[in-house]
Each structure stands twice: as C-alpha cells, then as structure tokens.
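Subject: Structure for you to look at

Hello,

Here is the structure I said I would pass on. Please open it beside this email and follow along.

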Amino acid sequence: MLRFIVQFLVTCLALWLAAQVVPGVGFTDNPSLWLAAILLGVANAIVRPILTILTFPLTIITFGLFLLVVNAATIGLVAALLSGFVVDGLWAGIGAAIVTGIVSWIAGWFIGEDRPRRVD
C-alpha cells in the first residue's frame, strides 16, 4: 500500500512539474491534478501495455523512441477523459511524457526497487 501512495505522489509531482515546464500542459485545480495522477496510473497499468505491444514493430524501427509517442498518447487519453487536465497537441504530450519519465526515473533511483532479499 505504501508503494502505491509513493507512486501516486511521484506521479502528482511529475504532472505538476510538466505543467510548469511544458507549454500546453495545465491543470485547472489541485483535485484535477490528483485525479489525473490516479487516471494516469490506471492507464499505465491497462492501456499502455496494450499500446506497447501493438506498436512494437515501430518501437524496434525507431530504437525505442516511439515509446515517447505511446506515453504521450496515454497522457493525452487521460487529458481527454478529464476536463480539468489540458494537453494541447502531440508535442505537449511528448514534453509531458519526457518530464514525467525523468521524474519517475529519478524517484525510482532514490526509492529503489522492491527486490526480494535472500535469507541465508
């Protein structure tokens, strides 16, 4: 449960930072930010794996760069479902995907992964 809360907080921070840094990304209020973080978590768990599998050939051809478009599409889907979250176009979505990816990577580096420990 604690891991879900930390992931939620990291996603909130990442989306907030994307709204500050990337032109065309914004929120109307804090509850919209929180709901966007929850919806993005759900979309990343359900929709993103399906899109990743469907676009695998393009991902291979572009050496993985097409995953930015997949992440932008996931963020755009959340923006389409939530009226308080705005993403103006593909480039704003790609910028938001880059920012959220970097923030998640840095947070994961600090938090670490849940690896099972060997007991000898």
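Is Phe27 buried, partly exposed or exposed? Keep in mind that the model is predicted. Phe27 has a relative accessible area of 22%, and buried means under 20% while exposed means over 50%, so Phe27 is partly exposed.

Aromatic pairs

The whole structure was searched, and two aromatic pairs turned up. One of them joins Phe27 and Phe85, whose rings are stacked, with 4.6 Å centre to centre and 5° between the planes. This pair links distant parts of the chain: Phe27 is in strand 1 (residues 25-27) and Phe85 is in strand 2 (residues 85-87), 58 residues apart. Phe85 has a relative accessibility of 3%, so Phe85 is buried.

Trp109 and Phe110 also pair. Their ring centres are 5.1 Å apart and the planes stand at 70°, so this pair is edge-to-face. Trp109 is exposed, at 64% relative accessibility, and Phe110 is exposed too, at 63%.

The largest pocket

The largest pocket has a volume of about 730 Å³. Its lining is made up of 27 residues, and those nearest the centre are Gln7, Thr11, Gly41, Asn44 and Ser104. Two or more lining residues come from each of helix 1 (2-21), helix 2 (30-54), helix 4 (66-81) and helix 5 (90-111). Helix 1 gives the most, with eight residues. Sorted by class, the lining has 13 nonpolar, eleven polar and three charged residues.

Regards

Definitions and conventions:
Residues are numbered from 1 along each chain as its sequence is written. This is a predicted model: local features need pLDDT of at least 70, side-chain atom pairs count only at pLDDT 80 or more; totals for chains, interfaces and linings use all residues. Side-chain values use heavy atoms; hydrogens and water are left out. On a 1 Å grid over the protein atoms alone, a cavity is a set of points where a 1.4 Å probe fits but cannot get out, and a pocket is an open set with protein on both sides within 12 Å along at least five of seven lines; lining residues have an atom within 4 Å of a point. Grid points are joined across faces, edges and corners, and a volume is the space filled by probe spheres set on the points. Helices (H or I, at least four residues) and strands (E, at least two) are DSSP runs, numbered from the N terminus. Ala, Val, Leu, Ile, Met, Phe, Trp, Tyr, Cys and Pro count as nonpolar, Asp, Glu, Lys and Arg as charged, and the others, Gly among them, as polar. Rings of Phe, Tyr and Trp (its six-membered ring) pair if their centres lie within 6.5 Å; planes under 30 degrees apart count as stacked, over 60 as edge-to-face and the rest as tilted. Buried means under 20% relative accessible area, exposed over 50%, partly exposed in between (1.4 Å probe, protein chains only).
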